Amino acid sequence: MVAPKCDLPQGTLDLLILKVVALGPVHGYAIAQRLQQVSRDVVQVPQGSLYPALHRLENRRLLAAEWLETETGREAKFYRLTPKGRNHLEAEAAGWQRLTEAVSLILAMSEGGAH
Amino acid sequence: MTWWQRFWRRKQMDEQLEKELGFHLELHTNELIAQGYTLEEARRQACLALGGQAQVEEECREARGTRWLEDFLQDLRYGFRTLWHKPGFAATALLTIALGIGANTAIFSVISATLLRPLPFRDSNQLVFLSTMTRGGCNECWHGKIGFSDPNFLDLQEQNNVFENMAAFSGAGFTLTGVEDPQYIKGGAATAGFFATLGIQPVLGRTFVVADQQPGQDHVVLLSNSLWKQRFGSDAKVVGTTIHLDTVPYTIIGVLPPGSDLVMPGHYGPRDLWVPKVLSRAAPRGSNHLEVIARIKPGVTLHQAQEDASIIMARLASQYPDAAGFGARLVPVQQELTGDIRPVLLVLFGAVGLVLLIACGNVANLQMTHASGRHKEIAVRTALGATPARIMRQLLTESLLLALVGGALGCLLAASGGKLLLGLRSSGLSSQTAITFDLPVLAYSLALSLLTGILFGLPPALQCTGSRWYGSLKLSGRTSAGEAGARVRNFLTTGEIALSMVLLAGAGLLLRSFISLLQVDPGFSTKNAIAVFFALPRYSYPDATRQAAFYRQVMEQAGALPGVKAAGAIDDLPLTQNSDSDRISIAEHPQFNGEKNYPTPQERLVTPGYFRAMSIPLIDGRACSDSDSSTAPPAIIVNQGFAHAYFANENPIGQRIKFGPPDANSPWINVVGVVGDVRSAALATMPAAEIYACYHQNTLRYNPLPHMYLVVLTTGSDQAVTHALLDKIRALDSNLPLPQVQPMDDIYAESIAARRFNMLLLSIFALMAVVLAAVGIYGVISYSVVSRTQEIGIRLALGAVRFHILRMILWRGLALTLTGVVIGMAGALAFSRVLRSMLYHVSPTDALTFTAVALLLAIVAMCATYLPARRATKIDPMVAMRSE
């Protein structure tokens with residue numbers, strides 16, 4: 001936990017959640033952990049906003065949820081991606097890609113290159 | 001899940017949410033324990049990471065998007081509880097709102113049924129009435145204007161380019177014969193295009209075609225739906241059968257659908273059956289008796305149609321001398337049919353609108369008083385994190401709750417009291433118009449309730465939630481919210497008094513009009529007089545001689561009955577809206593006989609006993625007598641108005657007049673008597689010049705004898721005389737449909753029923769307004785006394801005289817009242833101008849009415865102020881100063 005942490009830019013939490021859920025049905029706690037692990041602890045997922053975001057996505061029918069048993073035999077709410085959610089994810093991911101590429105291009109600009 | 005389902009299953013969803021978060025915490029705790037934390041520490045860390053379970057749950061609920069509804073329900077429940085615990089406040093507010101909404105709903109139900117609902121005809125906005133206008137005549141006097149002559153109608157029908165369909169119709173009375181009880185039937189005669197113009201399809205058979213209009217082939221009849229039901233038991237095989245009208249056989253060709261009547265109250269009513277109208281090209285162009293209706297072609301405007309009709313009429317006038325001086329006028333059917341009632345309804349609509357505004361002011365006032373006691377509650381809510389918007393929403397929800405419950409009560413009130421509005425029939429509300437509480441009326445009522453709720457809910461809500469809004473009203477920085485609230489309350493109360501002043505002045509003017517109307521001497525007496533209306537069938541009485549003989553017999557028999565003082569007959573009874581007039585010439589005064597300005601007096605046909613039966617004084621000469629037979633020199637009687645107009649400084653007796661222009665081929669008639677003026681058209685209409693012809697020698701240019709009113713003056717035993725008279729008539733002619741009998745008092749009352757009803761209705765609304773305003777000022781003064789208890793206590797303790805305290809409080813009420821009265825005065829002046837057409841012999845700015853009304857309002861307001869003011873003087877200074 002020594003590496004500096006970044007706050008998530010506005011609106012990216014939904015995108016990240018959709019991406020994690022796209023890998024297969026998963027419950028809330030696992031999503032939080034997965035996000036943290038994959039980003040090598042760089043992305044600080046505010047757990048407090050994870051659940052409202054999940055519920056919002058479910059209401060928008062981008063996610064579907066059902067109660068399933070975990071390996072340990074406990075009941076948990078598992079989220080999975082709906083077809084609508086998948087389309088949304090693809091569109092959002094492409095958009096994000098374009099944006100980051102453009103931002104990197106601008107940042108990579110050499111001094112004086114603008115002239 | 002839709003938001004509705006999410007809302008519906010919110011309990012279940014809450015449970016699941018708790019479970020979901022619990023699972024999360026448990027996993028996190030277990031993991032932290034595995035990392036070496038103690039159980040307690042692990043739990044604390046997990047909770048910290050999640051950011052507080054309650055808060056997350058709250059945010060998740062927010063994410064459901066049903067929060068507003070949950071809040072609304074919560075507010076609603078809270079509102080119910082608040083109202084439940086303040087039954088006095090709730091009852092007062094609900095009653096006030098119910099009165100306001102009820103009055104509005106009732107009036108709107110009539111407006112919706114008459115002015116808004118389309119007529120039961122296809123594309124009724126394309127339908128127009130056509131009437132002939134006479135140049136220089138009384139074009140705009142009333143609906144009738146005059147009709148069309150046969151040839152003028154036929155020419156207009158052929159030459160116009162603007163009408164898709166055009167048809168003429170007129171009234172036609174029949175007696176249904178060949179049945180056990182002969183029945184007088186109100187029929188109509190119409191040309192072939194009539195039903196096509198209106199867009200009416202028969203339910204059985206067919207309507208008229210052009211061939212039916214040929215003389216000889218016109219003995220076909222269309223039944224109205226109601227006659228079909230009553231007389232023919234809705235028999236589907238009735239088409240093709242024969243009925244007898246005036247003993248002539250007619251073949252039934254069809255049955256009309258229900259509700260397809262063209263009704264103009266006071267002019268033409270629903271018809272029992274229709275026969276074809278046979279038109280003649282040879283008829284004189286000056287004989288204008290056809291009602292004409294037309295459907296404008298799609299895409300043609302009313303203006304274009306009017307132009308075209310005017311051009312054709314001008315061309316006819318130049319072609320034919322006897323068509324000269326006639327123009328055409330188009331009026332949309334809806335406008336024509338509702339022309340009489342429209343202004344009345346709009347005035348009433350305005351009046352109930354004012355009542356509702358006063359009710360709003362009252363409830364707002366009540367709520368503000370009530371809300372002042374809630375400052376603590378609201379302070380606590382704010383401290384607990386409620387935003388001003390949230391609190392405002394809660395207060396508005398309470399107001400809307402009041403408004404909706406009050407509105408529902410109002411609808412019940414209107415539904416039960418709505419029958420009273422049938423009194424509007426006398427003002428020209430068609431008897432065919434059903435006043436129903438249909439969807440538009442209920443929607444209006446609901447919308448009005450919501451609007452009302454917002455209107456009276458906003459001031460108290462704003463007062464409670466923000467000093468920001470009041471900040472703008474503050475005059476000095478030190479003014480507290482309480483004082484600003486008082487200012488708003490004063491404003492509302494002043495407004496209520498001003499609005500009541502407007503309504504009260506309107507009602508006062510109508511009342512004065514009505515009183516002056518009752519004081520009008522109609523020129524005849526209705527006391528102990530009864531009127532009997534005869535409709536002599538043509539088949540039994542085919543000519544004037546036989547008709548006159550019948551009346552002579554009836555009058556002889558009637559005169560001999562015990563209890564009868566006098567009996568006489570006339571063709572057009574005063575106050576029944578029947579009248580005829582004709583051009584005359586005066587032998588000795590050629591200056592009156594010009595082509596543009598000739599006399600057109602009202603003409604009547606009377607029997608000798610008429611003037612005595614009606615107690616119309618004989619001023620000079622003699623009345624008709626039995627010696628005025630058809631062989632005697634023709635005689636005529638004029639009224640004083642006629643005598644003044646044409647024989648101003650000379651003796652009218654012995655003067656000669658004739659019907660038509662001076663060179664007309666009609667005899668000169670001697671004026672033999674002068675009688676007193678009579679209010680013939682209406683009580684409010686000045687007597688016109690009138691002439692009376694004697695019935696045996698009918699000198700009029702038409703024969704009114706088949707339809708006459710017999711007037712019988714009794715010694716007081718109306719009932720006995722009526723029975724005896726009807727027996728005598730039955731003995732004279734057992735086949736005659738029994739005539740209608742009506743006391744003259746009833747005819748008199750009917751003629752002013754519209755004014756009486758409008759006056760009563762407006763008075764009721766004004767009374768409601770005054771009571772509401774009185775309650776309003778009572779509430780405001782009461783509240784100010786309560787909130788000044790301490791101050792008054794201190795004043796008293798310092799030696800103030802109780803009378804001065806009383807004077808101080810009364811002065812406050814008087815200031816509010818006087819301000820309201822003065823503002824209301826200005827409003828009343830504007831309102832009374834709208835009322836002008838409903839007034840009689842009273843100026844819309846009548847000083848007496850305005851003063852009386854202002855005084856009345858001031859007295860009521862002072863009484864309402866006095867009660868709380870007296871309470872202020874009873875304050876015990878010791879108790880008051882200790883009170884908080």
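Helices (at least four residues) and strands (at least two) are DSSP runs, numbered from the N terminus. The exercises below use this definition and concern a predicted model.

**Exercise 1.** Determine how many helices and strands chain A has, and in which pattern they follow one another.

*Solution.* Step 1: count the elements. Chain A contains four helices and three strands. Step 2: read along the sequence. The pattern of chain A is α-β-α-α-β-β-α.

**Exercise 2.** State what percentage of the residues of chain A count as buried, and what percentage of its contacts between residues at least 6 apart in sequence join residues at least 24 apart.

*Solution.* Step 1: consider burial. A residue is buried if 20 or more other C-beta atoms lie within 10 Å of its own. Step 2: consider the contacts. In chain A, 52% of the contacts between residues at least 6 apart in sequence link residues at least 24 apart.

**Exercise 3.** Describe how helix 1 and helix 4 of chain A pack, and which residues meet.

*Solution.* Step 1: take the geometry. Helix 1 (residues 12–22) of chain A and helix 4 (residues 83–108) of chain A pack at about 125 degrees, and their axes are 10 Å apart. Step 2: classify the angle. Helix 1 of chain A is therefore oblique to helix 4 of chain A. The crossing of helix 1 of chain A with helix 4 of chain A is left-handed. Step 3: identify the residues. Helix 1 of chain A contributes L15(A), L18(A), K19(A) and A22(A). From helix 4 of chain A, the residues they meet include L89(A), E92(A) and W96(A). Step 4: sort by class. This contact of helix 1 with helix 4 of chain A has six nonpolar, two polar and three charged residues.

**Exercise 4.** Decide whether helix 25 and helix 26 of chain B are roughly parallel or roughly antiparallel.

*Solution.* Step 1: take the angle. Helix 25 (residues 802–835) of chain B and helix 26 (residues 847–873) of chain B pack at about 150 degrees, with axes 8 Å apart. Step 2: apply the cut-off. Angles over 145 degrees count as roughly antiparallel, and so helix 25 and helix 26 of chain B are roughly antiparallel to each other. Step 3: sort the residues of their contact. There are 18 nonpolar, four polar and two charged residues in the contact of helix 25 with helix 26 of chain B.

**Exercise 5.** Find which element of chain B gives the most residues to the side that touches chain A.

*Solution.* Step 1: count the residues. In chain B, 18 residues are in contact with 13 residues of chain A. Step 2: list the elements giving two or more residues. These are helix 2 (10–34), helix 3 (39–50) and helix 4 (53–63) of chain B. Step 3: select the element. Helix 2 of chain B gives the most, with seven residues.

Definitions and conventions. Residues are numbered from 1 along each chain as its sequence is written. Chains are lettered from A and ligands numbered from 1 in the order in which they are written. This is a predicted model: local features need pLDDT of at least 70, side-chain atom pairs count only at pLDDT 80 or more; totals for chains, interfaces and linings use all residues. A residue is buried if 20 or more other C-beta atoms lie within 10 Å of its own, exposed if 12 or fewer, and partly exposed in between; C-beta atoms are placed from the backbone. Two residues are in contact if their C-beta atoms, placed from the backbone, lie within 7 Å. Axes are lines fitted to C-alpha atoms, for helices over the stretch in contact, and angles run from 0 to 180 degrees between N-to-C directions. Angles under 35 degrees count as roughly parallel, over 145 as roughly antiparallel, 65 to 115 as roughly perpendicular and the rest as oblique. Ala, Val, Leu, Ile, Met, Phe, Trp, Tyr, Cys and Pro count as nonpolar, Asp, Glu, Lys and Arg as charged, and the others, Gly among them, as polar. A crossing is left-handed if the near helix is turned anticlockwise from the far one by less than a right angle, and right-handed if clockwise.
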